[in-house]
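Open the structure in your viewer and get ready to click along.

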Amino acid sequence: MKDLVLIGGGHSHAIVLKMFGIKPLPSVRLTLISDVLYAPYSGMLPGHVAGFYDYAECHIDLRSLAEFAGCQILVDRAIAIDFNKNLVICQTRPPINFDVLSVDIGSTPATISVPGAAEYAIPAKPVPEFLDSWNQLISATQNYREKPVRIAIVGGGAGGVELALNMQSRFGKEEGFGSGFCNGFNGWIFNETGKFKQEEELKIHLFHSGAELMPAHNKRVRHRLKEILISRGIQLHLMEKVSAVEKQEMMQITSDAQCPMPNARCPMPDARCPMPDARCPMPIYQIYCESGLKIECDRIFWVTQASAARWIGESGLATDSNGFMQVNDCLQSVSHPNVFGAGDIAAMVNYPRPKAGVFAVRQGKPLFENLQQFLLAKPLKPFIPQEKYLGLIGTGNKRAIASRGSWMWESSLLWYWKDWIDRQFMQKFS
């Protein structure tokens, strides 16, 4: 028996498990190490934030998938690899033996360089932690009406822009946020003066260090999305580099009568509160920019450039300058032949590509084939990823903008087409 260990339940590994279930190798023992039992599908997460999809619709059930593949699943987080003994070191469990290893653990936004960001900002990845914080915010603000809910999003790429639009859409569905003023125009809510009513109860700030949003997309797409953000009252802070994040002192309360949340318990009790068991307001954070700009907000979401888990390089695997695992055309580590990688954590040496879910999905089948070829001592098959891909950016109102090269198209048909594609993909794992 040979031990094939998969670290991470990303898109590529979900496809690998499905294909091993269809075409198993009797002499191979499969093990999946994942810190979650339900893996989020990135294509549907913005729609989930907006309330278009429930949790089950946009998460892959890894337990049932592993059962189909005849794979042992261990709920834990890998923190190192010992190549002298061929062991995966886990956070809580004993080390796991392997003969062949595959890594698909995704990436996280880089926050280390900004003081206070790691402590107080909410990164878009890992997704489970992000969704917990988002759902907590929705719950905490249902009875919070003393002042507008203030959200800051740091990062003006496609992820940050799409997050801002879909967060705004979700608040539009919440009871008490602009209710009763729907005029039927794409489902958006306006007051009697024609102003977007959510501005009175919700303020979203989007920070971007560059002069233009979404630098990876063409000029028409960038211009159109900037128009949409401004028209919906989202505050753009371009050419603003966030330099620090601080948590302000909690409001001191001495009785329930002083609390702005009379019908909800504090979502984040603070040790400094004089009444830790009483109701108290949400914490307040301050964002500082290099220009001197200061913005006060209730939550900060971090959607900046992706970074890699440090243990990848610390374990001895060859990495690029950003710490991502370097793989060849066969998705095989350039330093360790018995290690493969796919998804965001992997950097193809000859074919550098953006960190996007579409590439992780496309790598699933070639990764499966090369794992089987390696286990059978057969020649590996090179994989060449596409140079361009169709980006579909949801605008939060069941419309989408298509972006590919210099081409752009905006339509509600695109959202329904994307919805059909995403549901077809998820159906493969049901």
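Here is a short tour, one selection at a time.

This is a predicted model, where local features need pLDDT of at least 70, side-chain atom pairs count only at pLDDT 80 or more, and totals for chains, interfaces and linings use all residues. Residues are numbered from 1 along each chain as its sequence is written, and side-chain values use heavy atoms, with hydrogens and water left out.

**Stop 1**

Select residues 78-82, which make up strand S6. Strands (E, at least two residues) and helices (H or I, at least four residues) are DSSP runs, numbered from the N terminus. S6 belongs to an open sheet of 3 antiparallel strands in the order S6-S7-S8. S6 and S8 (96-97) are its edge strands, each pairing on one side only. Two strands count as paired if DSSP finds at least two bridges between them. Which residue in S7 is the bridge partner of Ala 78? Click on Cys 90 to see that partner.

**Stop 2: a cis peptide bond**

Next, select Lys 125 and Pro 126. The peptide bond that joins them is cis, with omega at about 0°. Pro 126 sits in the loop between strand S11 (122-123) and helix H5 (127-140).

**Stop 3: two residues with positive phi**

Move on to Met 214, in the loop between strand S13 (202-208) and helix H7 (219-231). Met 214 is not a glycine, yet its phi is positive, about 50°. Is Met 214 buried or exposed? Buried means under 20% relative accessible area, exposed over 50%, and partly exposed in between (1.4 Å probe, protein chains only). With a relative accessible area of 1%, Met 214 is buried.

Then select Leu 331, found in the loop between strand S20 (325-327) and strand S21 (339-341). Leu 331 also is a residue other than glycine with a positive phi, near 65°. Its relative accessible area is 0%, and Leu 331 is buried.

**Stop 4: a hairpin**

Finally, select residues 391-394, strand S23. In a regular strand the side chains alternate between the two faces of the sheet. Here Gly 391 and Ile 393 point one way, Leu 392 and Gly 394 point the other way, and all are buried. Look across from Gly 391 and you will find Ser 403 in S24. The two strands S23 and S24 form a hairpin with 5 residues between them. In the turn, click on Gly 396, whose phi is positive at about 85°.
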